[in-house]
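Hello,

Here is the structure I promised to pass on. Please have a look at it first, and then read my notes below.

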Amino acid sequence: MEASRASWMRAGLVLFVAAQILPSVSACDPGLYREMIGSFCMTNFDADMSSLDRRLWCSWSDTMGIYEEVTNCTFQMALLVNCFWPNREVDRFFTDIHRVYFHDCALTGRLLRDPPASILAPFIGVPVLITLLMTALVVWRSKRTEGVL
């Protein structure tokens, strides 16, 4: 983890130097942004993931910090080159990351399921009871002829 910290300190230095060198522009240059996140963010992400045991790549608790760092890196680069974030390039970048690193990860624990009956029953029962009550009220009012001229 110490090597990771050192690489991020170098990354901060590179960001500082890049902020001084890169001219301020009013519009986003997608090509420059793509190159920056590819060469800087992806390089650091690759280094961090390669230092992690491959069997832990699908463990969110083990990869969460690395994933947050690469997310923050793409955001900082977007600020540096005046691009909106998130954008199409970020989407492609993370799609590539998932294709390379997380393609074998199972969706176990993340599949959609029905809620428990204790939660589902009120959401079904209350509208049914209200519908029956409103129907009974309409029938009862229609049978009363008082006040009709």
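In which helix is Leu-120 found? Leu-120 sits in helix α5, which covers residues 117-143. Please keep in mind that this is a predicted model.

Leu-120 has a relative accessibility of 33%, so it counts as partly exposed. Together with Ile-124, Val-128, Leu-129 and Leu-132, Leu-120 forms a nonpolar patch on the surface. The accessible area of these residues together is about 470 Å².

Next, helix α3. This helix takes in residues 60-80, 21 residues in total. From its first C-alpha to its last it reaches 29 Å, close to the 30 Å expected at 1.5 Å a residue. The buried residues of α3 are Thr-63, Ile-66, Tyr-67, Val-70, Cys-73, Thr-74, Met-77 and Ala-78. Following α3 you will find Asn-82, which has a positive phi, near 60°.

With ring centres required to lie within 6.5 Å, the count comes to eight aromatic pairs. Take Trp-60 and Tyr-67: their ring centres are 5.7 Å apart and their planes are at 65°, so this pair is edge-to-face.

Enjoy exploring it!

Best wishes

Key:
Residues are numbered from 1 along each chain as its sequence is written. This is a predicted model: local features need pLDDT of at least 70, side-chain atom pairs count only at pLDDT 80 or more; totals for chains, interfaces and linings use all residues. Side-chain values use heavy atoms; hydrogens and water are left out. Rings of Phe, Tyr and Trp (its six-membered ring) pair if their centres lie within 6.5 Å; planes under 30 degrees apart count as stacked, over 60 as edge-to-face and the rest as tilted. Patches are made of residues with over 30% relative accessible area and no salt bridge: like charges are joined within 9 Å, nonpolar side chains (Val, Leu, Ile, Met, Phe, Trp, Tyr) within 5 Å. Accessible areas come from the Shrake-Rupley method with a 1.4 Å probe; for residues, only the protein chains shown count as cover. A salt bridge is a side-chain nitrogen of Lys or Arg within 4 Å of a carboxyl oxygen of Asp or Glu. Helices (H or I, at least four residues) and strands (E, at least two) are DSSP runs, numbered from the N terminus. Buried means under 20% relative accessible area, exposed over 50%, partly exposed in between (1.4 Å probe, protein chains only). The expected span of a helix is 1.5 Å times one less than its number of residues.
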